[in-house]
Amino acid sequence: MGKAKQTRKFAAVKRMIKPSDPRLKDNIEKAAKKAQKEKIAEEKKTAAQTQVSSSLFLSHNTDLGPPYRVLVDTNFINFSIQNKIELVQGMMDCLMAKCIPTITDCVMAELEKLGPKYRLALKIAKDPRFDRLKCDHSGTYADDCLVQRVSQARCYVVATCDRDLRRRIRKVPGVPLMYVVKHRYQIERLPDGGAAFV
């Protein structure tokens, strides 16, 4: 008769507390310090927000008034062509006042980069009724250019159909947005959430 094999009982090892266990005093102190640092960082973040212009009272911008200067984005021109809307006339019908379509060098460069497919949009952008704004920054990314220009001077209505750009501009108080909905232009007057449709 052979000797019976003895097997060790499963998990019969002495249990030890891990160094990362949250019940240890050192870990509790570290967590408290981390929470304190996050609180201080959050306070600094709220203190360093940009100063809102004194021309803004609640959500109304007194710098805006007829004739409205409308900053036009690339895709706004393309959507206007697709929906067969005459740009200047559509703006005037929407705002019920005289409008001056304004286009930056970055938007023109973007239209030129798009090639022959967008030659009609480029032809419309070169219309003498459009005001040209010179860009003195590096690069030709139109979205950053428009956000920067609107942040510096809140005397523009921004015309764009780009959702990401609209989301960025809504964070700048007192800047109305214009976009294409159901074959006509629509204006969003209140950047803080409420939208008044004309």
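Reader: Is T102 buried or exposed?
Author: This is a predicted model, in which local features need pLDDT of at least 70 and side-chain atom pairs count only at pLDDT 80 or more, whereas totals for chains, interfaces and linings use all residues. Residues are numbered from 1 along each chain as its sequence is written, and side-chain values use heavy atoms, with hydrogens and water left out. Buried means under 20% relative accessible area, exposed over 50% and partly exposed in between (1.4 Å probe, protein chains only). T102 has a relative accessibility of 0%, so T102 counts as buried.

Reader: Which backbone oxygen does the side chain of T102 reach?
Author: T102 lies in strand β4; strands (E, at least two residues) and helices (H or I, at least four) are DSSP runs, numbered from the N terminus. A polar contact is a pair of N or O atoms within 3.5 Å; within protein, one must be able to donate a hydrogen and the other to accept it, and residues adjacent in sequence count only if both atoms are side-chain atoms. At 3.2 Å, the side chain of T102 reaches the backbone oxygen of I100.

Reader: How many Å apart in space are P101 and R69, C-alpha to C-alpha?
Author: P101 is also placed in strand β4, residues 99-104, and counts as buried because its relative accessibility is 2%. Contact means heavy atoms within 4.5 Å, and, residues up to four places away in sequence not counted, P101 touches V70, V72, V88, M91, R129, F130 and D131. Between P101 and R69 there are 32 residues in sequence, yet their C-alpha to C-alpha separation in space is 6.0 Å.

Reader: How many residues has the largest nonpolar core?
Author: A nonpolar core is a set of buried Ala, Val, Leu, Ile, Met, Phe, Trp, Tyr and Cys residues joined through side-chain atoms within 4.5 Å. In the largest one, the residues with the most contacts inside it are V70, F76, M91, I103, L111, M178 and Y185. Apart from this core lies another of twelve residues, including L71, L146, L165 and V175. The residue count of the largest core is 33.

Reader: Which residues is N83 in contact with, leaving aside its neighbours within four places in sequence?
Author: N83 is located in the loop between α2 (74-82) and α3 (87-95). Its relative accessibility is 19%, so N83 counts as buried. With neighbours within four places in sequence left aside, the contacts of N83 are V180 and H183.
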